[in-house]
Amino acid sequence: MSEQTPPTSRLRGFAASFAASARRADDSDGDGDRRSPLLRRLMVLTAVTTVVALAAVGVGFVTNRMAGDVDRTAFARPTVGAATPTPDAAPTTTAPDDQPSGGAGNGPGDPARPAVDPVAVPGTNAAGDPPSTAAAGGSGTPSPNSTTGSTTTGTTSSGSTASRTTAAPAPALPTGTIVSFSTSKCIDVDGGRGRDGARLHIWDCIGVASQRWTFQNGTVRTMGLCMDAAGGSMADGTPIQLANCNGGQAQRWTLNKAHDLVNTVTGRCIDVRDKGTANGTRLQLWACSGTGNQKWRLQ
């Protein structure tokens with residue numbers, strides 16, 4: 001490439017040429033009548049000043065143009081998607097998509113971040129999801145398949161909640177020995193065996209099965225049989241015995257608040273015959289008189 005002449009040298013040559021032309025013009029008529037030296041100097045000075053000013057303008061324009069090209073090159077808008085480094089900024093890296101944020105195993109260049117352990121929230125699983133129903137002891141909501149009282153709740157195959165009411169246990173039936181007020185002896189069965197027609201009497205309380213009675217559905221029972229007025233008679237002096245349970249009026253008894261063991265149909269009481277006190281004294285049906293041989297307690 002050929003060497004270019006600097007702009008300053010070209011301006012100087014142009015100024016010299018212009019001055020020579022001016023001098024020739026002063027004497028162009030050849031008459032030898034030259035203008036005054038002062039006028040010529042002023043004209044030359046004016047021409048030189050004009051040329052220098054134009055040269056300065058040209059140099060400034062060229063310099064600005066070159067500077068503009070440099071600025072556009074240096075600060076050209078980057079292509080979309082290309083990474084533009086920030087001066088004096090630390091390089092950053094992005095964790096891969098499959099790397100959980102805030103956990104261990106960050107990529108190189110990432111600041112250290114502590115691992116976050118799941119907070120065990122009461123009634124939530126390890127993933128933090130609420131369970132289908134909160135456990136008892138938190139907010140007070142019963143958990144599935146829990147039993148409250150006699151109502152059981154559960155989840156059906158379709159996901160709906162169903163409740164099932166179960167019968168509460170029947171209260172314990174009054175059971176024990178029937179003791180006479182007058183003798184403190186217990187009602188017992190002859191021979192101590194449960195059989196139809198066996199007579200009842202009083203005997204020392206010894207805790208055998210034939211002395212243990214249960215009040216059930218208006219009857220008084222032991223060893224699977226019921227206390228019964230013999231032959232179904234309701235007359236005074238009717239013997240008291242064991243018989244197969246049939247729910248008839250001869251088997252309907254209650255121990256009332258007055259401690260009478262009374263038939264609920266006729267109102268007659270079980271009585272120790274002749275107010276006897278010996279073991280084996282038999283029982284009979286008799287009109288209630290309030291005497292000690294007709295008073296009983298369950299214990």
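Analyst: Happy to! Let's begin with cysteine 226, which is buried, its relative accessible area being 0%; buried means under 20% relative accessible area, exposed means over 50%, and partly exposed is in between, using a 1.4 Å probe and protein chains only. Before going further, please keep in mind that this is a predicted model, where local features need pLDDT of at least 70 and side-chain atom pairs count only at pLDDT 80 or more, while totals for chains, interfaces and linings use all residues. Residues are numbered from 1 along each chain as its sequence is written, and side-chain values use heavy atoms, with hydrogens and water left out.

The partner of cysteine 226 is cysteine 245, and the two sulfur atoms lie 2.0 Å apart; a disulfide here is a pair of cysteine sulfur atoms within 2.5 Å. Strands (E, at least two residues) are DSSP runs, numbered from the N terminus. The torsion about the S-S bond of this pair is about 100°, so the link is right-handed. Cysteine 245 is partly exposed, at 33% relative accessible area.

Searching the whole structure turns up three disulfides. Another of them joins cysteine 186 to cysteine 205, with 1.8 Å between the sulfur atoms. Cysteine 186 lies in strand E6 (residues 186-189) and cysteine 205 in the loop between strand E7 (200-203) and strand E8 (213-216), so parts 19 residues apart in sequence are tied together. Here the S-S torsion is about 105°, so this disulfide is right-handed. Cysteine 186 is buried, at 0% relative accessible area, whereas cysteine 205 is partly exposed, at 38%.

That leaves the disulfide between cysteine 269 and cysteine 288, whose S to S distance is 1.8 Å. Cysteine 269 is in strand E14 (residues 269-272), while cysteine 288 is in the loop between strand E15 (283-286) and strand E16 (296-298), so the pair connects parts 19 residues apart in sequence. The link is right-handed, with 100° about the S-S bond. Cysteine 269 is buried, at 0% relative accessible area, and cysteine 288 is partly exposed, at 36%.

As for the pairing pattern, numbering the bonded cysteines of the chain in sequence order gives 1-2, 3-4, 5-6.

Notes. Helices (H or I, at least four residues) and strands (E, at least two) are DSSP runs, numbered from the N terminus.
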